[in-house]
Amino acid sequence: MPLTSGEGFPLYHHSAPPIREGSFNIILMKHIFTLILTLLLALPLSAQDITGKWQWKQSSADPDKDIYSILFNFKKDGTIEVHSVVADDEYKWGHALIAVDVTGTWKQSGKDITFQFNMKTARLTIEDFVFKDGYKQNAKDPKFMTETTAEILDDWQGDEDEVFDYEGWLTATISTFSPKQMILLNDDGDKYTFNKK
């Protein structure tokens, strides 16, 4: 007859088998491995913080190329600033680097980014003058080529979409991502490698 407590419940004495030190270590290591694996799988989703400045740039300002550089400044409040530059090659002396600055908003859902640009904020400027002998003149120097500067900007006025193809960037997909580099595919499927500034 088993021993009983004062309330009539049987009392059993259970003796747990001793835990071997080696088997405890194996169990602990399995739990740690599972935790690390879970964190690593979650890392690519949580690590894609694209806020900050990212720049795509050609190796040289080639007038035969459509775009020379694009700089995206993704802000935490959901707004974006874009600075894009193209090379204008219509001059005998060389070419001008035409820039457009525009603002807008962005949203990220996983690897997909949606843009909305306000082209009413677009502002055209001349970044630099590059002469055929390779000499580069800072276009911000007010003493240099003021008439030519005005003429070039007048020719480009209203052609902001020639400098920044905002219609090709209504959406983008993150192809690969690291804290220092991000490859984006735009609407046309073109691949752009952006480096963190």
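How many residues does the hairpin use to join strand 7 to strand 8? The hairpin joins strand 7 to strand 8 through three residues; the points below set this turn in its context.

1. Basis of the note. This is a predicted model, in which local features need pLDDT of at least 70 and side-chain atom pairs count only at pLDDT 80 or more, while totals for chains, interfaces and linings use all residues. Residues are numbered from 1 along each chain as its sequence is written, and side-chain values use heavy atoms, with hydrogens and water left out.

2. Overall composition. The protein chain contains three helices and nine strands, where helices (H or I, at least four residues) and strands (E, at least two) are DSSP runs numbered from the N terminus. Read from the N terminus, the order of elements is α-β-β-β-β-β-β-α-α-β-β-β. Of the 197 residues, 33% count as buried, a term that denotes under 20% relative accessible area, with exposed over 50% and partly exposed in between (1.4 Å probe, protein chains only).

3. Strands 4 and 5. Strand 4 (residues 94–109) and strand 5 (residues 112–131) pair in the antiparallel sense over 15 bridges; two strands pair if DSSP finds at least two bridges between them. Within this pairing, His 95 has Val 130 of strand 5 as its bridge partner. The hairpin of strand 4 and strand 5 has two residues between the strands, and Gly 110 there takes a positive phi near 65°.

4. From strand 5 to strand 7. Strand 5 also runs antiparallel to strand 7, and three bridges join the two. Here Ile 113 stands opposite Ala 172 in strand 7.

5. Strands 7 and 8. Strand 7 (residues 171–177) pairs with strand 8 (residues 181–185) in the antiparallel sense over four bridges. Thr 176 stands opposite Ile 183 of strand 8.

6. Strands 8 and 9. Strand 8 is likewise paired with strand 9 (residues 191–196), in the antiparallel sense and over five bridges. Met 182 has Phe 194 in strand 9 as its bridge partner. Five residues lie between the strands in this hairpin, where Gly 189 takes a positive phi near 80°.

7. Salt bridges. The count comes to two salt bridges, each defined as a side-chain nitrogen of Lys or Arg within 4 Å of a carboxyl oxygen of Asp or Glu. One is formed by the side chains of Asp 101 and Arg 123 (3.8 Å, N to O). This pair links distant parts of the chain, with Asp 101 in strand 4 and Arg 123 in strand 5, 22 residues apart. Arg 123 counts as partly exposed, at 49% relative accessibility. In the other salt bridge, the side chains of Glu 81 and Lys 75 meet (3.0 Å, N to O). Glu 81 is partly exposed, with a relative accessible area of 35%, and Lys 75 also counts as partly exposed, at 31%.

8. Surface charge. Lys 53, Lys 57, Lys 136 and Lys 197 gather in a patch of positive charge on the surface. Such patches are made of residues with over 30% relative accessible area and no salt bridge, like charges being joined within 9 Å; the place of a charge is taken as NZ for Lys. Among these residues, Lys 53 is found in strand 1 (residues 52–57) and is partly exposed, with a relative accessible area of 42%.

Notes:
Patch = residues over 30% accessible without salt bridge, like charges linked within 9 Å, V, L, I, M, F, W, Y side chains within 5 Å. Areas by Shrake-Rupley, 256 points an atom, 1.4 Å probe, with all protein chains shown as cover. Lys, Arg positive; Asp, Glu negative; His and termini not counted.
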